Amino acid sequence: MSASVNGDGAALVEVENLRKYFPIKKGVLQRETARVHAVDDVSFAVREGETLGLVGESGCGKTTLGRTIVRLLEPTSGRILFRGEDISKLGQRKLRPLFREMQMVFQDPYASLNPRKRVGTIVGDPLAIHSIGDKRDRKRRVQELLETVGLSPEHYNRFPHEFSGGQRQRIGIARALALRPKLVVADEPVSALDVSIQSQMLNLLNDLQDEFALTYIFVAHDLGVVRHVSDRVAVMYLGKLVELSPAEELYDRPIMPYTEALLSAVPVPDPDVAERRERIVLEGDVPSPINPPRGCRFHPRCRYATDVCAEIEPPLVDYGGGHLAACHHPLNVDAETLRHVHVAAESPKEADDHALPQDSAGESHPVPRAES
Amino acid sequence: MAERLLEVRDLHVSFATEDGIVQAVGGVDFTLDRGQVLGIVGESGCGKSVTALTLLGLTRATNASFEGEVLYKGRDILRLSDRELEDVRGNEIAMIFQDPMTSLNPVYRVGWQIVEMIRAHDPASTKQQARRRALELLKEVGIPNAEERIDNYPHEFSGGMRQRAMIAMGLACRPEILVADEPTTALDVTIQAQIIELLDRLKDEYDSAVVMITHDLGVVATVADEILVMYAGRIVERGAKRDVFYDPQHPYTWGLLGSIPRLDRPKPKRLRAIPGAPPSLIRPPAGCRFAPRCPHAFDRCVKEPALEQRVEKEGHLDRCWLPVDRKRALRTGSLEGEAA
């Protein structure tokens, strides 16, 4: 897999052609009648020390992708490499030492903590399971962890219901950090929190990343939050990776029309800006991932779509600077750049590699939008 | 002057619980005129939803007690009998709830639920008439293939379509006031944009007024005319949209505005955060309720300031002791979102 230009660290996680389908079973025989294409041929790499944001609307497969990477879900096909080792087929026993290095922070701070266990047990359990230290060591470490995440060591003997949503999320973070993992997959870690608490949590995650040299995969639907935390952002739509780019670049110069629409739909807390801004309101809903549309999956809702979009799945094209996008009609790209693009190594197998957006042929595609 | 539809005067709502009396709303005043969109913003537990529900008498319960007045065209909602209230609900004031998944009945067809609503409020209408009106409404809120969709069950609708169906139901009796409690919170941004656009258009078509409850300042910046900022059961700031956004007077409003990661500005190194958490409403802090979390609190804050006009702009009220010049000097850092 090609490392991108502005990458510094080595790849910690590499995902290659990963698929996760969920079978839909019907009848007495429980025969599989259809499949939900939750993650469909996705490839990318996460570098050591970076934060990769994973965005998209509900049902786009971002959560499934995050969970499959830490092997909470069994991949249907494809490979997941952790520090170069293929972990996609490891059994439970071989996975256990790996869970020391990969942890998860969940969305709902109310549902993800066992209400009958004390905070000390919740945070200390990972240590006990991996038989780290004796009882006294563990207690001391848990109390240290509680302090690290902004709680007090006296909270050791309390129950989750005694805490607010923000504090519970801190407990969830302390639990994820107990084993000193390398990789933390955070699935919507702030979306259940109020804005004032949300910003505390984002700052905390930021501090912890520096302190523990963490690599984050940050799954979220809030594009403002994702921009704030991420070094690079991956945009998903209906199970496909449609754009991958350094964060600022993605927000300044989206190439895929879906990304453009997603960005324009975010309400801006400034009345004058809100009035001036052109909002692209997408028609309709996300189609069903059971029968995803042919060609480009976004084409039924895309305002730039032409015949080719309904027929041919566009490859993920490398536009330079680590900016990849899958689109027949790329936005914000000039003719000169188009002459030098190539299909990225991360492109799905089924995409037509010859369907490069080319300018020279004088064909209808691509239609680079004039830079404003 | 547009017609005054609603006037809320010194509204207090409290609930007796096992742990003590929860002062959910503590003295709220506002007015609503025809054609106006009032945005009520604040965090969980600030009393915004209780305020909204009380406008329809939906907080009536054996453990609830009320003070003050909610005057709808001069009649006090708080003092109506349950029977009289039924006429107001739906016909005069309608509500759109946050979660369209739980507010539609899963075992009845969507169309049937709208028909039932129409007929409950207008017993003279026939089934056919009501169904025709339901279809018309579904088309109006943008349900594709409304003729077929009218006979679907809620689970066959997507989240956005369910919210549209809820709006259709809310509009069925042409209410004067539409109360929308976090109508877009459960939805994706692209669907949120559709719903906001729809509400904005329908408000004009139906010549009604909207009370929009939300925690999202981006949403109010888009749709509201006037804004109430609530904290711990109190209004801490109230004013026209542009005044609240461009000349915010209360440190809590600054905190809210400053803590959002924004797409329209350069990315700050660290986000500004409001330290601590909102107080308990059983034992709220004495004095200004925001003082324990306020970086600018001083000795005067032990006494709670009144909600009154301190700036030049008429109708722009706040509840903070700091002198106006001092506030304008202090807030710049907060509003830029860059933490010190």
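How many residues of chain B are in contact with how many residues of chain A? In this predicted model, 38 residues of chain B touch 35 residues of chain A, where two residues are in contact if their C-beta atoms, placed from the backbone, lie within 7 Å. Residues are numbered from 1 along each chain as its sequence is written, while chains are lettered from A and ligands numbered from 1 in the order in which they are written. As the model is predicted, local features need pLDDT of at least 70 and side-chain atom pairs count only at pLDDT 80 or more, whereas totals for chains, interfaces and linings use all residues.

On the side of chain B that touches chain A, the elements giving two or more residues are α8 (189-205), α9 (217-223), α10 (241-246) and α11 (251-258) of chain B. Helices (H or I, at least four residues) and strands (E, at least two) are DSSP runs, numbered from the N terminus. The most comes from α8(B), with seven residues. By kind, this side of chain B has 16 nonpolar, eleven polar and eleven charged residues. Here Ala, Val, Leu, Ile, Met, Phe, Trp, Tyr, Cys and Pro count as nonpolar, Asp, Glu, Lys and Arg as charged, and the others, Gly among them, as polar.

Chain B also holds an open sheet of eight strands with mixed pairing, in the order β6-β7-β8-β3-β9-β10-β12-β11; two strands pair if DSSP finds at least two bridges between them. At the edges are β6 (93-96) and β11 (308-309) of chain B, each pairing on one side only. Strand β6(B) runs parallel to β7 (residues 177-181) of chain B, and four bridges join the two. Within this pair, A94(B) stands opposite L178(B).

Helix α7 (residues 159-171) of chain B lies across β6 and β7 of chain B, at about 170° to β6(B). Axes are lines fitted to C-alpha atoms, for helices over the stretch in contact, and angles run from 0 to 180 degrees between N-to-C directions.

Confidence comes last. The pLDDT, the predictor's confidence in each residue from 0 to 100, has a mean of 91 in chain B, where 99% of residues reach 70 or more. Chain A averages 89, with 94% of its residues scoring at least 70. Over residues 1-7 of chain A the pLDDT stays under 50, and over residues 360-372 of chain A it is below 50. The model scores ipTM 0.83 and pTM 0.87.
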